[in-house]
Amino acid sequence: MPLTLSAVLTSPASVATAFTLQMGLLKVGVPQAWPKSKKNLNYVREAGVRQFISTYNRVKDLKGDELLWGDEVEYGIFVLDEENKKIRLSLRAKEIMDNLNKNEAIHSYENEGCNWVPEYGGWMIEATPSRPYTGYSSDLLRVERNMRLRRKRLLTELRDGEIAPTVAVFPLLGAMGDDGSVPPTSVGGTVTESDYIGDGIINPHPRFAALSANIRMRRGEKVSIRVPLFHDTNTPEYGESAPCGGCGGESILLWRFGNGELSRERYGDGFVIVGCSSSAKEFNDEGDPVTLQKWLVNVKCEGCLGLFYRSAPGVIVADADWPRNGDVVVGSEIPDVPGWIRLQNGYYLPMASEDGQDITFLEKVSTETHAKNQQRQSLGSETPMFRRASSTQKPPQDLADLKSALENAVSSSLACDEAQMNNVRALSSRTNDEAQMFNVRPAIHMDAMAFGMGCCCLQITFQATDMDESRFLYDQLAVMAPIMMALTASTPVLRGRLADTDCRWGIISECVDDRRPAERG
């Protein structure tokens, strides 16, 4: 099950409160719809900044806070239909949670207890210990004991045929149409407008539906989650051909989650462009180490405050986080495109104006060659955040024909006749070479927040002794996070299909992506 770690700094007042209030508190309020929220955005921003500064000033000099920590376990409740050999979501989470909390109040005098809070899905419930753990070794013995207590109490509220496993994702979410839950819910609705799940599976707590609708309205469309599809022996989208976009050598494919607008625009929702990691034997295409240089942003013209990012040389991105004069950026000069640098975040910047005015934009301040860097960053291909320079090329026309044929041939139930599948295989084989140029892969498409927020995990939260320890702990957890993600990877099946990824983080990231088209570049 995925493990999430977080570090939290709190004041002494909140330490005292932690023993009197339940952990994981979520109050019921009346969230504003997006059209109404827009009128209050400036106030929310200003008030948020003021509150943050006030809180920071109040706690920044605190020393010697007690070590407090806790865990949160999220459960999914499912119904087994042995007669029809099906498993469905049980939408009784709120009923079960209310009953459990009522019983907890009756037995609140006991030393060990539980707290039950709502989660995004109507089939999900989250449980925490009623009081936090402390820094004493004896509290380590409480962890397993309290987890066992939570499971025992949860099982007492389940009906015959219901189960509550701690799994990261319900593998058939969005693949069963109107027959995916008990009671049944119709696909679609005004909140998500999804083609795969219904609004009825969202927890009735007002926060969750409002959040889903507001993300969709701010974005201007439904979220678009596209995960690379696993290439198995009989995966119909691949036919008999080799996987599209194979990197070759010792390289591995990388999913560029949060950065897929290019592939969606060109190939639709059924495909996604992936990247390649650097091989163990190469630094870049020429076999040379990558030279990263530091550049000072200093646009030498009157009234100029900085530079807009470019998604490719000459293509401006109206990104709110553009570098200002005085900022230092890190990137590499592009040998094939003189006068341009490629930044570590995947964007491009010009070193000077190209309109004949000879205005300098960037000044080199230092140079460093990462020949011994274990990551061996290779231009345009190292991380999911990079954008390939070759992406500006015009894709082959046959790829559009391939997409259309695949979408018509492969239904959600994979009930395709042999003639259609032969057509898919023929098109796949004919266009495979061209598709490899762009690393185009068939994708599992999901269009609602529920696909990410419907994932479960085990979370651990710490309260540090002071601000310095909080920063240190945060930095160490940032290093550990990729290791923990690899050790707890458990999300290989999405919408009933095998994914070519194992972690849920990219799905969560894309399911809450409320950026407008201009903000997405």
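R216 and E193 form a salt bridge (a side-chain nitrogen of Lys or Arg within 4 Å of a carboxyl oxygen of Asp or Glu), with their closest N and O atoms 3.2 Å apart. R216 lies in helix α6 (residues 206-219) and E193 in the loop between β8 (181-182) and α6, so the pair ties together parts that are 23 residues apart in sequence. Helices (H or I, at least four residues) and strands (E, at least two) are DSSP runs, numbered from the N terminus. This is a predicted model, in which local features need pLDDT of at least 70 and side-chain atom pairs count only at pLDDT 80 or more, while totals for chains, interfaces and linings use all residues. Residues are numbered from 1 along each chain as its sequence is written, and side-chain values use heavy atoms, with hydrogens and water left out.

**Salt bridges**

- The structure holds 30 salt bridges.
- D195 pairs with K222 in a salt bridge whose closest N and O atoms are 3.2 Å apart. D195 lies in the loop between β8 and α6 and K222 in the loop between α6 and β9 (225-228), so this bridge ties together parts 27 residues apart in sequence.
- D195 is exposed, at 54% relative accessibility, whereas K222 is partly exposed, at 22%.
- R441 and D500 form a salt bridge with closest N and O atoms 3.0 Å apart. R441 belongs to strand β19 (residues 440-446) and D500 to the loop between β22 (497-498) and α12 (505-511), so the pair ties together parts that are 59 residues apart in sequence.
- R441 is buried, with a relative accessible area of 2%, while D500 counts as partly exposed at 33%.
- A network of salt bridges links R219, E221, D513, R515 and R520.

**Cysteines**

- A disulfide is a covalent bond between the sulfur atoms of two cysteines. The cut-off used here is a pair of cysteine sulfur atoms within 2.5 Å.
- The structure holds one disulfide. C301 and C304 form this link, with their sulfur atoms 1.9 Å apart.
- The link of C301 and C304 is left-handed, with -95° about the S-S bond.
- C301 is partly exposed at 25% relative accessibility, and C304 is partly exposed with a relative accessible area of 28%.
- For C455, the closest cysteine sulfur is that of C456, at 7.6 Å, which is too far for a bond. C455 is buried, at 3% relative accessibility.
- C503 is partly exposed, with a relative accessible area of 24%.

**Cavities**

- The structure holds seven cavities of 30 Å³ or more. On a 1 Å grid over the protein atoms alone, a cavity is a set of points where a 1.4 Å probe fits but cannot get out, and lining residues have an atom within 4 Å of a point.
- The largest cavity has a volume of about 110 Å³. Grid points are joined across faces, edges and corners, and a volume is the space filled by probe spheres set on the points.
- The largest cavity is lined by 16 residues, and G174, G177, G180, I197 and I201 lie nearest its centre.
- The lining of the largest cavity has 10 nonpolar, six polar and no charged residues. Ala, Val, Leu, Ile, Met, Phe, Trp, Tyr, Cys and Pro count as nonpolar, Asp, Glu, Lys and Arg as charged, and the others, Gly among them, as polar.

Terms used:
Buried means under 20% relative accessible area, exposed over 50%, partly exposed in between (1.4 Å probe, protein chains only). On a 1 Å grid over the protein atoms alone, a cavity is a set of points where a 1.4 Å probe fits but cannot get out, and a pocket is an open set with protein on both sides within 12 Å along at least five of seven lines; lining residues have an atom within 4 Å of a point.
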